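Please open the model in a viewer with both the sequence and the cartoon on display.

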Amino acid sequence: MATDITAYEEMIKGLWRDNPVFVQVLGMCPMLAVTNSAINAVVMGVATFFVLVGSSFLVSSFKKWIPRQVRISLYIIIIATFVTVVDYTLLALLPAIHKELGAFIPLIVANCMILGRQEAFASKHSVKYAVMDAVGMAGGFMIALFALGAVREILGVGAFFGIDLFGANFEPWVIMILPPGGFLTLGLLLLFFNWITERRKQFLDKVAAAERVSANG
Amino acid sequence: MNNVLTQEPQKTEEPGSRRLIASMAIAGFISGIIIIAIYLLTFDTIKENKARELREAVFKVLPDVADMKKLHFTENKLVVVNADGMDDEMIFAGYDKQGKFIGYAIQGKGPGFQDTIHVLFGFLVSNSNITGMEILDSRETPGLGDKIFKDMDFVGEFINLPMMTDIKAVKKGTKSKDNEIDAITGATISSKAVVKIINKAFNKWSPRISKGQQ
């Protein structure tokens, strides 16, 4: 039972406390490049999810047989294989979306978040924890991509998942779907995220102080 | 003593280079097999998707088309081919339900704002009109350059466009002649690229087509 709680914690930490984008600020290339619409962000998130969970599983299963000296190359081989599988599957099943994401699918290989999880976590923990960690991290990455994609699509196109929101009178903020809009949105989201974390910390400090006072009194 | 202790665990774990090479080779081999498998598994679907996309595009740019034939330009004449896929020396002839020839769907490629734009347009030989335009492939900026296929006003300008002389892209709202096209605001380069690609492809193919007619 106790192990189940920590496995759950490994998963949950990636979603919020150690969110790969908002806290670790990793994987910025796909983050900024493909988040100009919500659907692109979601598909990129799903692709990354599959690659990260798959490679974490394999790396953790084979960690005993992976020599330390060539571990990075082996991780890259594993990750690249999964990415190729995703690439061809998308091309066969969702050709329209593959057209939009095109160049960025192969770039998942170079997503430092994925390699980082292999090196920092999967290669040191058992399969169960590694997979839980990967699910959490990929989930957190997906949430972040979606948040960015949704904001940029709503402001930059005036639509959400391609559905028009504001009617013809809305003048889209074209800059939001261009690269500067990605940086602007990411900056504001990071600010928002840190503000919440800070507020929460202050609140917890206050509660602790109040408790100390009442214990003393 | 201390020194020895810190060095020892590393020394015992040092595998020979043969083992390193072997593990890389095995991983590479397995990865290769998986990639070949997924390539073979998806190959047919991908090919079908591409062929269907092309058919749909030809049917879209030529009105009332019920059947199409692929024509390849080899040794100075147009030859009907049945091969899959396509290359730059290929155009498509459209026929209506009675099997009567309607017109050609001509493809052209050229540099856009980001990457190569691949255009397909319908051409009626009888009145020398362009009957429609479709972007087969492009990497233009989402939200700006991609309006060359998302902005229906722009796409609509290529329907029944007389192709006597080269067409020209002009600033939006300043169109005054038949051979002028209103460019898209914010996507001038992409609009001009499309026009340029069509001109180039037309000038390349019109002598070939007239030769094929004789």
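Begin by selecting E6 and E7 of chain B: the two strands run antiparallel and are joined by two bridges. Helices (H or I, at least four residues) and strands (E, at least two) are DSSP runs, numbered from the N terminus, and two strands pair if DSSP finds at least two bridges between them. Within this pair, B:Asn129 has B:Pro162 of E7(B) as its bridge partner.

The model is a predicted one, in which local features need pLDDT of at least 70 and side-chain atom pairs count only at pLDDT 80 or more, while totals for chains, interfaces and linings use all residues. Residues are numbered from 1 along each chain as its sequence is written, and chains are lettered from A and ligands numbered from 1 in the order in which they are written.

**Across the sheet**

Next, select E5(B) with E6(B). Seven bridges connect this antiparallel pair, and B:His118 faces B:Asp137 of E6(B). The two strands form a hairpin with four residues between them, and B:Ser128 in the turn has a positive phi of about 55°.

**The kinked helix of chain B**

Select residues 17–61 of chain B, helix H2. This helix has 45 residues and reaches 61 Å from its first C-alpha to its last, close to the 66 Å expected at 1.5 Å a residue (the expected span is 1.5 Å times one less than the number of residues). Centre the view on B:Phe43, where H2(B) has a kink of about 40°; the bend at a residue is the angle between axes fitted to the seven residues ending there and the seven starting there.

Which residues of H2(B) are buried? They are B:Ser23, B:Ala27, B:Leu54, B:Ala57, B:Val58, B:Phe59 and B:Val61, where buried requires 20 or more other C-beta atoms within 10 Å of the residue's own, C-beta atoms being placed from the backbone. These buried residues pack against H4 of chain A, and also against E1, E3, E4, E5 and E6 of chain B.

**Across to chain A**

Now display the contact between the chains, which takes 25 residues from chain A and 23 residues from chain B; residues are in contact if their C-beta atoms, placed from the backbone, lie within 7 Å. On the side of chain A, helix H4 (residues 71–93) gives the most, with ten residues.

**The nonpolar cores**

Finish with the largest nonpolar core, of 48 residues; A:Val51, A:Ile78, A:Val86, A:Ala134, A:Phe141, A:Ala144 and A:Leu145 have the most contacts inside it. Such a core is a set of buried Ala, Val, Leu, Ile, Met, Phe, Trp, Tyr and Cys residues joined through C-beta atoms within 7 Å. H7(A) gives the most to this core, with 13 residues. Apart from it lies another core, of 42 residues, including B:Leu120, B:Phe158, B:Ala187 and B:Val195.

Technical notes: Contact = placed C-beta atoms within 7 Å. Buried ≥ 20, exposed ≤ 12 C-beta atoms within 10 Å, placed from the backbone.
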